Amino acid sequence: MSKTYTTTGLILKRRDYLENDRLFIVYSKDFGKIELLAKGTKKISSKLNSYLEPFYLIKIMAARGKGFDKLANCNLVKSYQNLRNDQSLFGFYLLNYLSEVTDGLIVGQTLKHDKFQLLLELLDLLEEKINQASQLKLLGLVNVYNFKILNLLGYQPEIKRCLNCHKGILLTKNIFDFRQGGIICEDCKKVCLIEDYILVSDGVIKLLQLAQEKSLADFISLENHFDDLKQFNQVVYKLLLINLEKPIKSVDFLNNFC
Ligand SMILES: [Zn+2]
């Protein structure tokens, strides 16, 4: 492995380190999640500081180190200013939500680019639609992305057939079983002992199926019922909690909006 490398990455988090330095958690295109030491960046005079804000997309030049890899240089690729400048702060909180969830779900290094590309696609769509679509719809879009990421990570709830009797889902009264991960039909619900579930409407099941099969851009162009979207967001949020095994702090802020 060479001593220096270049890649493109999104800054997820930063924290102070020693007297003058900062550590950055970066979700990179080529190496998955990496932690980079940026010497001197706690000082206002550091020339790198203007490129090192959370959720900036940057081109990175780094050197491998014994403890942390060191950030040698970087250039700004995109800063998602529409989301940052959204006066309601909803865009800012969406970025915080994405940062928290991505940091929690993406573990270690990966050579696949699919999840990283999906995140860039989502950010471009949010940046374009932040002043056009409703806040509930934008949160729905982020949760379609979150559901897709869970699927890519191997968590694929059964949403086409009943988990118990394996019959195709009739759009009647179904429940989502969080413990087993999927839909249980009305008949099986009467005979199964299910502890952790919610009743899901036909619209929510359709949204879950759509989130597995369609692109993010397809979702944004569809009309959705307000209650279905709200419940879809709740289902995905709960799935994230189960997978992350810890609370998602940024969701409290988003819930004040929609
Ligand atoms: Zn059944």
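Tutor: Let us begin with a term for helix length: the expected span of a helix is 1.5 Å times one less than its number of residues. Please keep in mind throughout that this is a predicted model.

Student: How far apart are the end C-alpha atoms of helix H6 (residues 202–213)?

Tutor: Helix H6 has 12 residues, and because the expectation is 1.5 Å a residue, the helix should span 16 Å.

Student: Which helices and strands do the buried residues of H6 pack against?

Tutor: The buried residues of H6 are Gly203, Val204, Ile205, Leu207, Leu208, Gln209, Leu210 and Ala211. Their packing partners are strand S6 (174–177), strand S7 (182–184) and strand S8 (197–200), together with helix H4 (135–152), helix H7 (216–221) and helix H8 (226–244).

Student: What arrangement do the four donor atoms around the zinc ion make?

Tutor: The zinc ion is coordinated at 2.3 Å by the SG atoms of Cys162, Cys165, Cys185 and Cys188, and along the chain these donors follow the spacing C-x2-C-x19-C-x2-C. Four donors count as tetrahedral if all angles lie between 85 and 135 degrees. Because the angles subtended here are 105 to 114°, the arrangement is tetrahedral.

Student: Are cysteine 162 and cysteine 185 buried or exposed?

Tutor: A residue counts as buried when its relative accessible area is under 20%. Cysteine 162 has a relative accessible area of 1%, and cysteine 185 has a relative accessible area of 14%. By that cut-off cysteine 162 is buried, and cysteine 185 is likewise buried.

Student: Where is tyrosine 80, which has a positive phi of about 50°?

Tutor: Tyrosine 80 is not a glycine, although its phi is positive. With a relative accessible area of 4%, tyrosine 80 is buried. Its place is in the loop between strand S5 (69–78) and helix H1 (81–85).

Student: Which residues point the other way from S2 when Asp21, Leu23, Ile25 and Tyr27 point one way?

Tutor: In a regular strand the side chains alternate between the two faces of the sheet. Strand S2 (residues 21–28) is mostly covered, as eight of its eight residues are buried. Opposite to the set you name, and buried as well, are Arg22, Phe24, Val26 and Ser28.

Student: Over how many bridges does S2 pair with strand S1 (residues 4–17), and over how many with strand S3 (residues 32–38)?

Tutor: On the S1 side, lysine 13 stands opposite isoleucine 25 in S2, and in the hairpin of S1 and S2, which has three residues between the strands, leucine 18 takes a positive phi near 50°. On the S3 side, a hairpin joins S2 to S3 through three residues, and serine 28 stands opposite glycine 32. Both pairings are antiparallel: S1 and S2 pair over eight bridges, and S2 and S3 pair over seven bridges.

Student: Which residues does leucine 126 touch, not counting residues up to four places away in sequence?

Tutor: Leucine 126 is found in helix H3 (residues 114–129), and it is buried, with a relative accessible area of 1%. Contact here means heavy atoms within 4.5 Å. On that basis leucine 126 touches Leu83, Leu94, Leu98, Leu138, Leu141 and Val142.

Student: Finally, what share of the 258 residues of the protein chain counts as buried?

Tutor: The secondary structure of the chain comes to nine helices and eight strands, and its C-alpha trace spans about 65 × 40 × 30 Å along the principal axes. Of the 258 residues, the share that counts as buried is 49%.

Technical notes. Residues numbered from 1 in each chain as written. Predicted model: local features only at pLDDT ≥ 70, side-chain atom pairs only at ≥ 80, totals over all residues. Heavy atoms only, no water. Helix = DSSP H or I, 4+ residues; strand = E, 2+ residues; numbered from the N terminus. Buried < 20%, exposed > 50% of the residue type's maximum accessible area, 1.4 Å probe, protein only. Donors = N, O, S within 2.8 Å, 3.2 Å for Na, K, Ca; no water. Tetrahedral: all angles 85-135°; square planar, octahedral: opposite > 155°, others 65-115°. Pairing = 2+ DSSP bridges.
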